[in-house]
Amino acid sequence: WAVRHPVWTSAAAVFALLIGVGAVAGDPPAQEAPRLADAAVAASPTASPTAASTPSATPSPTPAATPSPTPAATTPKVVVPRKVAAPPKVPAVPYYANCAAVRAAGKAPLHRGQPGYRSGLDGDADGVACEVATAAPPVRTTPPAPPAGVYYANCAAARAAGAAPLYRGDPGYRSGLDRDGDGAACEG
């Protein structure tokens with residue numbers, strides 16, 4: 001057999017040599033050692049004639065896988081969810097529709113920069129909205145009463161005389177000058 005198959009014979013010899021070197025260097029895996037040794041003996045040129053005359057299928061040796069070191073058993077990491085801080089609560093800025101709402105809330109007067117201040121509430125644009133009037137409302141000053149029996153032909157004449165507006169009961173008032181019938185003639 002060795003003469004007819006020189007390539008297989010030399011391969012088996014090399015393989016046997018490697019197994020010998022491996023045996024000297026360290027123990028090969030237990031299940032692979034007998035099978036590899038049997039293959040080396042069967043392929044050697046000094047094998048018995050009966051083994052050479054009967055060809056047998058020898059399994060091709062597979063290289064032994066070197067076991068990789070197993071990583072140390074690690075416990076799985078437990079992921080604890082973090083509490084996410086809620087954003088700070090920002091107080092809602094109040095919106096007042098008009099100064100009456102500001103006064104009803106007890107917040108009048110509103111100064112520029114205070115919550116709820118807006119220029120629409122600040123009529124005179126001085127930075128203070130919904131100011132509480134400190135002065136008394138203007139008092140109607142009436143001109144001296146004209147003599148009894150005064151007659152104004154129209155509102156222009158009443159205005160020229162300084163008597164407008166004329167109220168019911170005033171000298172010179174008449175319903176012909178009071179267009180809307182509210183008791184005040186030649187108004188506006």
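Tutor: Let us begin with Cys130, which is found in the loop between β2 and α5; helices (H or I, at least four residues) and strands (E, at least two) are DSSP runs, numbered from the N terminus. This is a predicted model, in which local features need pLDDT of at least 70 and side-chain atom pairs count only at pLDDT 80 or more, whereas totals for chains, interfaces and linings use all residues. Residues are numbered from 1 along each chain as its sequence is written, and side-chain values use heavy atoms, with hydrogens and water left out.

Student: OK, is Cys130 buried or exposed?

Tutor: Cys130 is buried, because its relative accessible area is 3%, and buried means under 20%, exposed over 50%, and partly exposed in between, using a 1.4 Å probe and protein chains only. Its phi is near 55°, which is a positive value in a residue other than glycine.

Student: Which other residue has a positive phi although it is not a glycine?

Tutor: Cys186 does, with a phi of about 60°, and its place is in the segment after β4 (184–185). Cys186 counts as buried because its relative accessibility is 6%.

Student: And what about cis peptide bonds, where is there one?

Tutor: One joins Ala108 and Pro109, with omega at about -5°, and Pro109 lies in the loop between α4 (99–104) and β1. Another cis peptide bond joins Ala164 and Pro165, where omega is also about -5°, and Pro165 is found in the loop between α5 and β3 (166–167).

Student: Switching topic: what makes up the largest nonpolar core?

Tutor: That core has 9 residues in all, namely Tyr152, Cys155, Ala158, Ala163, Leu166, Tyr173, Leu177, Ala185 and Cys186. A nonpolar core is a set of buried Ala, Val, Leu, Ile, Met, Phe, Trp, Tyr and Cys residues joined through side-chain atoms within 4.5 Å. If you look at Ala185 and leave aside its neighbours within four places in sequence, you find it in contact (heavy atoms within 4.5 Å) with Pro165, Leu166, Tyr173, Arg174, Leu177 and Asp178. Apart from this core lies another, of 8 residues, among them Tyr96, Cys99, Tyr117 and Ala129.

Student: Why would residues like that sit together?

Tutor: In soluble globular proteins, nonpolar side chains tend to be buried together.

Student: I clicked on Asp122 next. Where does it lie?

Tutor: Asp122 lies in the loop between β1 and β2. Asp122 is buried yet has no salt bridge, since the nearest side chain of opposite charge, Arg112, is 4.4 Å away, and a salt bridge is a side-chain nitrogen of Lys or Arg within 4 Å of a carboxyl oxygen of Asp or Glu. For charge, Lys and Arg count as positive and Asp and Glu as negative, while His and the chain ends are not counted.

Student: What does the side chain of Asp122 reach, then?

Tutor: A polar atom of that side chain lies 3.3 Å from the backbone nitrogen of Asp126, and a polar atom of it lies 3.4 Å from the backbone nitrogen of Val128. Not counting residues up to four places away in sequence, Asp122 touches Arg112, Tyr117, Gly127, Val128, Ala129 and Glu131.

Student: And Asp126, where is that found?

Tutor: Asp126 is found in the loop between β1 and β2, and it counts as partly exposed because its relative accessibility is 41%. The side chain of Asp126 reaches the backbone nitrogen of Val128 at 3.0 Å. Beyond four places in sequence, Asp126 touches Arg112 and Glu131.

Note on methods:
Polar contact = N/O pair within 3.5 Å; in protein donor to acceptor, adjacent residues only side chain to side chain.
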